[in-house]
Amino acid sequence: MLIRELNGHEIIAHLDQLADLRLGIFREYPYLYDGNRDGERRYLGSYAGKGLVLLALDTEQVAGAITGMSLADETPALVAPFHAAGLAPQEYFYIGELLLYAPYRNHGTGSLLLTRLEQLVEERTSCRHYCFATVVRPDNHPEKPVDFVSIERFSHRHGYRLLPGVSARIAWQEIDGQTTTKRLDFWQKEVKRR
Ligand SMILES: CC(C)(COP(=O)(O)OP(=O)(O)OC[C@H]1O[C@@H](n2cnc3c(N)ncnc32)[C@H](O)[C@@H]1OP(=O)(O)O)[C@@H](O)C(=O)NCCC(=O)NCCS
């Protein structure tokens with residue numbers, strides 16, 4: 001598996017492949033997200049210039065990706081809970097998504113993508129923390145697969161811990177056609193500079 005960083009022009013050139021990843025994988029539980037290509041292209045295009053995008057490539061085939069940018073450049077819905085908690089958004093690097101197509105999971109590629117991104121954040125930014133958000137669903141959610149693996153295990157193994165008292169509320173249309181507001185909790189880890 002090759003991990004490759006995309007520059008701004010390359011991000012724009014890969015918008016459809018990145019949109020495919022998000023549109024496909026975010027349909028899965030716990031996201032159940034029913035997105036559209038135009039919205040995805042707009043959102044993903046915002047990484048060109050101010051964000052980081054790494055692709056995992058199986059020869060020419062996109063297997064997965066990780067994206068991120070300073071939380072200060074993110075949408076108000078993600079930034080506001082940090083302000084409300086007295087935390088400075090510019091000190092947080094926000095990981096927007098870490099996605100692998102199902103056949104590529106559990107082979108260490110997600111860990112590799114995350115470690116590479118963390119390295120770049122450490123080298124190129126003055127952020128003091130990495131963070132990301134996870135959607136909170138009730139344990140008895142009807143769409144929860146019996147073999148569901150929570151991202152919590154992966155997060156803990158990589159040293160991330162829940163940030164107490166900081167949650168966002170974001171609405172999106174689910175695959176059943178209903179738009180509902182979800183709670184997102186934040187995980188964080190300190191950036192250790194050598
Ligand atoms: C989460 C994910 C990126 C991890 O990448 P990976 O290459 O599968 O992970 P690695 O092989 O490096 O590490 C394996 C660990 O990943 C976790 N994992 C495996 N499959 C997973 C899945 N479908 N969902 C969540 N976590 C998963 C497990 O904790 C596993 O280790 P464990 O069984 O010993 O606890 C990948 O499984 C994935 O794309 N999942 C679906 C999308 C997602 O939920 N992304 C995160 C939010 S944007």
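Q: What makes S1 and strand S2 (residues 51-58) a pair?
A: This is a predicted model, and in it five bridges join S1 to S2, the two running antiparallel. A pair needs at least two bridges, so these strands qualify. One spot to look at is Arg-4, which stands opposite Leu-55 in S2.

Q: And how do you know that S6 pairs with strand S7 (residues 179-190)?
A: Count the bridges again: nine of them join S6 to S7, and these strands run antiparallel too. With at least two needed, S6 and S7 therefore count as paired. Ala-171, for instance, has Thr-181 in S7 as its bridge partner. S6 and S7 form a hairpin with five residues between them, and Gly-177 in the turn has a positive phi of about 90 degrees.

Q: What is the strand order in the open sheet?
A: Its seven strands go S1-S2-S3-S4-S5-S7-S6, with mixed pairing.

Q: Why are strand S1 (2-6) and strand S6 (161-173) called edge strands?
A: Each of them pairs on one side only. As for the twist, it averages 30 degrees from one strand to the next.

Q: Is Leu-32 buried or exposed, and how do you know?
A: Leu-32 has 20 C-beta neighbours inside 10 Å. The cut-off for buried is 20 or more, so Leu-32 counts as buried. You'll find Leu-32 in the loop between H2 and H3. Its phi is positive, about 55 degrees, although Leu-32 is not a glycine.

Q: Is Thr-59 buried or exposed, then?
A: Thr-59 has 7 C-beta neighbours inside 10 Å. Exposed means 12 or fewer, so Thr-59 counts as exposed. Thr-59 sits in the loop between S2 and strand S3 (61-70), and its phi is positive as well, near 50 degrees, in a residue other than glycine.

Q: Which peptide bond is cis, with omega near 10 degrees?
A: That's the one from Tyr-29 to Pro-30. Pro-30 is in the loop between helix H2 (15-25) and helix H3 (37-45).

Q: What makes up the shell around the ligand?
A: There are 16 residues around the ligand, and the closest are Leu-100, Arg-105, Gly-110, Ser-111 and Arg-153. Strand S4 (92-100), helix H5 (109-124) and helix H6 (151-157) each give two or more residues to this shell. S4 gives the most, with four. By type, the shell residues divide into seven nonpolar, six polar and three charged.

Note on methods:
Residues numbered from 1 in each chain as written. Predicted model: local features only at pLDDT ≥ 70, side-chain atom pairs only at ≥ 80, totals over all residues. Near = placed C-beta within 6 Å. Nonpolar A, V, L, I, M, F, W, Y, C, P; charged D, E, K, R; others polar. Axes fitted to C-alpha atoms, helices over the stretch in contact; angles between N-to-C directions.
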